[in-house]
Amino acid sequence: MWGDSLLIVFISICTALLGEGLTWILVYRTEKYQKLKVEVERQSKKLERRKEAHGDSLDKQHKKKIEREEERLKNNNRDLSLDKMKSMFAIGFAFTALLSMFNSIFDGRVVAKLPFHPISWIQGLSHRNLPGDDYTDCSFIFLYILCTMSIRQNIQKLLGFAPSRAASKQGGALFAAPPGQFK
């Protein structure tokens with residue numbers, strides 16, 4: 001069981017590295033992406049400085065300028081997300097094939113023992129294709145998903161592909177809420 005668990009962590013690291021490598025080839029190294037990223041960084045910092053300088057005491061003119069800046073930033077973030085999304089479809093298709101291959105290799109094998117009983121709507125995933133009723137037994141797919149979710153973000157930060165704090169703070173992602181909606 002320990003061997004399978006370590007193998008799954010290794011597989012997760014390898015697939016995360018492969019995914020980031022493919023994303024770098026298809027997205028991160030392109031001139032369009034580089035320009036958009038620099039523009040988003042610049043606009044985020046400019047908007048943050050402008051908001052700090054004026055605080056809550058904004059007249060209509062400053063408010064309009066800030067709203068225009070936020071709209072430009074939102075549009076650039078959308079373009080950045082769309083640029084990434086094209087390659088994500090190709091990578092997602094490749095990883096679906098890999099996942100089904102690994103799933104068939106580990107089918108019916110307990111790869112780890114969970115230190116808790118998962119909540120009912122997760123049990124179908126954590127105990128997938130495993131014999132018996134011991135829901136602390138963990139299937140390949142559950143451990144792989146947990147590892148990939150945690151490892152991929154750390155690899156992105158390590159390789160410098162994660163969005164900067166300024167851009168993340170401003171939000172403006174493709175499906176993010178409009179600024180000021182939840183005030």
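Me: Where does UniProt place the feature "transmembrane region"?

Reply: The unreviewed UniProt entry places that feature at residues 6–27 and 88–106; positions follow the numbering used here, feature names are shortened, and annotations may be inferred rather than shown by experiment. The model is predicted: local features need pLDDT of at least 70 and side-chain atom pairs 80 or more, while totals for chains, interfaces and linings use all residues. Residues are numbered from 1 along each chain as its sequence is written, and side-chain values use heavy atoms, leaving out hydrogens and water.

Me: What makes up the chain over residues 6–27, by helix and strand?

Reply: Residues 6–27 are 100% helix and 0% strand, with end C-alpha atoms 31 Å apart. Residues 88–106 are 95% helix and 0% strand, and their end C-alpha atoms lie 26 Å apart. Helices (H or I, at least four residues) and strands (E, at least two) are DSSP runs, numbered from the N terminus.

Me: Why is H1 called roughly antiparallel to H3?

Reply: Helix H1 (residues 2–28) packs on helix H3 (residues 60–105) at about 150 degrees, the axes being 10 Å apart. H1 is therefore roughly antiparallel to H3: angles under 35 degrees count as roughly parallel, over 145 as roughly antiparallel, 65 to 115 as roughly perpendicular and the rest as oblique. The angles, from 0 to 180 degrees, are taken between N-to-C directions.

Me: Which residues of H1 meet H3?

Reply: Among them are Ile11, Leu18, Leu22 and Leu26, and the H3 residues include Met88, Ile91, Phe95 and Phe102, where contact means heavy atoms within 4.5 Å.

Me: Why are H2 and H3 called roughly antiparallel?

Reply: The axes of helix H2 (residues 31–54) and H3 cross at roughly 155 degrees and come within 9 Å. H2 and H3 are thus roughly antiparallel to each other. Their contact has seven nonpolar, six polar and 13 charged residues.

Me: How do H3 and helix H5 cross?

Reply: The axes of H3 and H5 (residues 140–159) come within 11 Å and cross at roughly 145 degrees. Their contact involves Met88, Leu99, Phe102 and Asn103 of H3 with Phe140, Ile141, Tyr144 and Arg152 of H5, that is, six nonpolar, one polar and one charged residue.

How values were computed. Ala, Val, Leu, Ile, Met, Phe, Trp, Tyr, Cys and Pro count as nonpolar, Asp, Glu, Lys and Arg as charged, and the others, Gly among them, as polar.
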